[in-house]
Amino acid sequence: MADFAKLSIEGQTYTLPIIEGTAGQKAIDIRNLLKETGYITLDSGYMNTGSCISNITYLDGAKGILDYRGYAIEDLADNCFFIEVAYLILNGELPNFDQLEQFKRDMRRFALIHEDMIHFFDHFPPNASPMSILSTMVGTLHNFYPEMDEEDDPYGGLTVATARLLSKIRTIAAFSYKKSIGHPLVYPNAKLNYVQNFLNMMFDRPNIPYIIKPEVASALNKLLILHADHEQNCSTSTVRLVGSAGGNLYASISAGVNALWGPLHGGANQAVVEMLELIYADDRDFDKYIRKAKDKNDPFRLSGFGHRVYKTFDPRAKIIKEACDHVLRALEVEDPLLDIARELEERVSNDDYFISRNLYPNVDFYSGIIYRAIGIPTNMFTVMFALGRIPGWIAQWNEMKQDQDQKIGRPRQVYTGYTRRKFIPMHQRA
Ligand code: SDX
């Protein structure tokens, strides 16, 4: 394989190094292109552009492969606790028994939020979006826990901040739900593990104790693992960009929450269920919505289908689809939306428009069905995505901070506006 590329511009030839990743990915290194040629590149949406070198997550869009630190997502989803996978993504290795026990102790130690933060919930409007509440509360964690600025922190600033964020975001999500339905807050219970604690804080009530079903805890554990990282997606790139300016961890993650909120990104899991409800309410008129999705003049797209990287089935969607059956059976839930989802997938998989564009179900297509079955409200589905993605965001942020070559992220542009022109004083303007 050549280890450089030749670029010929106006009769001059430039040599650009080629970088090869450990899985065989090849990249043309253009880090000196402007300095050497006076040219920039243009790549809106960064469809062809790598923003960094990373050791955390590997995707193969053609083969539907997703690995965290070299481990297949299927193995991790079937055999690990979410906290175990979070440790792997954050530290690069699966934890041994003692390391995992220490991490669990950290989760218990940092599960509470400052009591003053609870008053924030009283001042959001009743219909406030849980994602806007989440990004606000995450950003304000820096005011209550500025340890990233404490050099002499015996524990090490990032270690504490990571454990705090991973544990507290779960409490923030559950507290915001309880506040939204006017129920008393349920505080973290040290006897429960990460997922059980979340379920208990969400659904336990003084008058009706919540029974944590193993199938529910297992399904949620799997969903959090499947969302834990996904290389340089929109929200992770946002976290890296804010961090590259020197933004603190909480500010960077808060920005990531806002990027994830978009319906083209993490907001798709909520949009999928709203779309399925629309089809169900519209007398299951699949043809109408498939026609709309194909119509270039119609902004409607099939939420939960397509992906920038996967040009085959998203490996996460496969696992979630199987888990759907298991959870609904265990909970004896009949959800007509699951039948709608299956029929829509079937029709799309036989339609040349979607086949020719490699549009398959992605991670968001079936996840909402499970969240619904568990009792999580639709407007909290993307919050669930954020809960899963926290370890990935932190790990990617930290990898960026550790990169000696890292500079502040600042893309260039091709300017097509007015060239310099003479100023017109007010009295001469038309
Ligand atoms: C996530 O990047 C990640 O890793 C993200 C994520 C993660 O874990 O972080 O995997 C999570 O965000 C998953 C994606 C969730 N979003 C959705 O489900 C929204 C619906 N999907 C689309 O909006 C779209 O597929 C994207 C945004 C996911 C990808 O868009 P791209 O890569 O920019 O592709 P495109 O919009 O250029 O589409 C290519 C063609 C177009 O048609 P043509 O112009 O070639 O004729 O496919 C069509 C699009 O119109 N198309 C769709 C479609 N998605 C793409 N047509 C109908 N329905 C769709 N869903």
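User: Two strands pair if DSSP finds at least two bridges between them. In this predicted model, which residue of β2 is the bridge partner of Phe-4?

Analyst: The strands concerned are β1 and strand β2 (residues 12-20), which pair in the antiparallel sense over six bridges. Within that pairing, the residue of β2 that is bridged to Phe-4 is Pro-17.

User: Which strands stand at the edges of the sheet that contains β1, and by how many degrees are its neighbouring strands turned against each other on average?

Analyst: This is an open sheet of three strands in the order β1-β2-β3, and its pairing is antiparallel. β1 (4-9) and β3 (26-28) each have a single partner strand, so they are the edge strands, and one side of each is left without a neighbour in the sheet. When direction is ignored, neighbouring strands of this sheet are turned against each other by an average of 30 degrees.

User: What is the order of the strands in the open sheet that contains β4?

Analyst: Strand β4 (residues 57-60) and strand β5 (residues 65-68) run antiparallel and are joined by four bridges, whereas β5 and β6 pair in the antiparallel sense over two bridges. The open sheet has three strands with antiparallel pairing, in the order β4-β5-β6. Its edge strands, each of which pairs on one side only, are β4 and β6 (71-72).

User: Are α6 and α7 parallel, antiparallel, perpendicular or oblique to each other?

Analyst: Helix α6 (residues 130-144) packs against helix α7 (residues 157-180) with the axes 10 Å apart and at an angle of about 140 degrees. Since angles over 145 degrees count as roughly antiparallel and 65 to 115 as roughly perpendicular, with the rest, apart from those under 35, as oblique, α6 is therefore, relative to α7, oblique.

User: How many residues of the contact of α6 with α7 are nonpolar?

Analyst: On the α6 side, Ile-133, Leu-134, Met-137, Val-138 and Leu-141 meet Leu-165, Lys-168, Ile-169, Ile-172 and Ser-176 of α7. Among these contact residues one is polar and one is charged, and the number that are nonpolar is eight.

User: Is the crossing of α4 and α7 left-handed or right-handed?

Analyst: The axes of helix α4 (residues 97-109) and α7 come within 8 Å and cross at roughly 55 degrees, and the two helices are therefore oblique to each other. In α4, Phe-103, Asp-106 and Met-107 meet Ala-163, Leu-166, Ser-167 and Arg-170 of α7, a contact with four nonpolar, one polar and two charged residues. As for its hand, the crossing is right-handed.

User: At roughly what angle do α17 and α18 cross, and how many charged residues does their contact have?

Analyst: The axes of helix α17 (residues 363-374) and helix α18 (residues 381-402) come within 10 Å and cross at roughly 110 degrees, so the two helices are roughly perpendicular to each other. Val-363, Asp-364, Gly-368, Tyr-371 and Arg-372 of α17 make the contact with Phe-381, Met-384 and Phe-385 of α18. By class, five of the contact residues are nonpolar and one is polar, and the number of charged residues is two.

User: How far apart do the C-alpha centres of domain 2 and domain 3 lie?

Analyst: The chain is divided into domain 1 (4-50), domain 2 (70-265 + 389-401) and domain 3 (268-373). Where domain 2 and domain 3 meet, 17 residues of domain 2 are in contact with 16 residues of domain 3. The distance between the C-alpha centres of domain 2 and domain 3 is 27 Å.

Technical notes. Residues are numbered from 1 along each chain as its sequence is written. This is a predicted model: local features need pLDDT of at least 70, side-chain atom pairs count only at pLDDT 80 or more; totals for chains, interfaces and linings use all residues. Side-chain values use heavy atoms; hydrogens and water are left out. Axes are lines fitted to C-alpha atoms, for helices over the stretch in contact, and angles run from 0 to 180 degrees between N-to-C directions. Contact means heavy atoms within 4.5 Å. Ala, Val, Leu, Ile, Met, Phe, Trp, Tyr, Cys and Pro count as nonpolar, Asp, Glu, Lys and Arg as charged, and the others, Gly among them, as polar. Domain bounds come from an automatic or database domain assignment. A crossing is left-handed if the near helix is turned anticlockwise from the far one by less than a right angle, and right-handed if clockwise.
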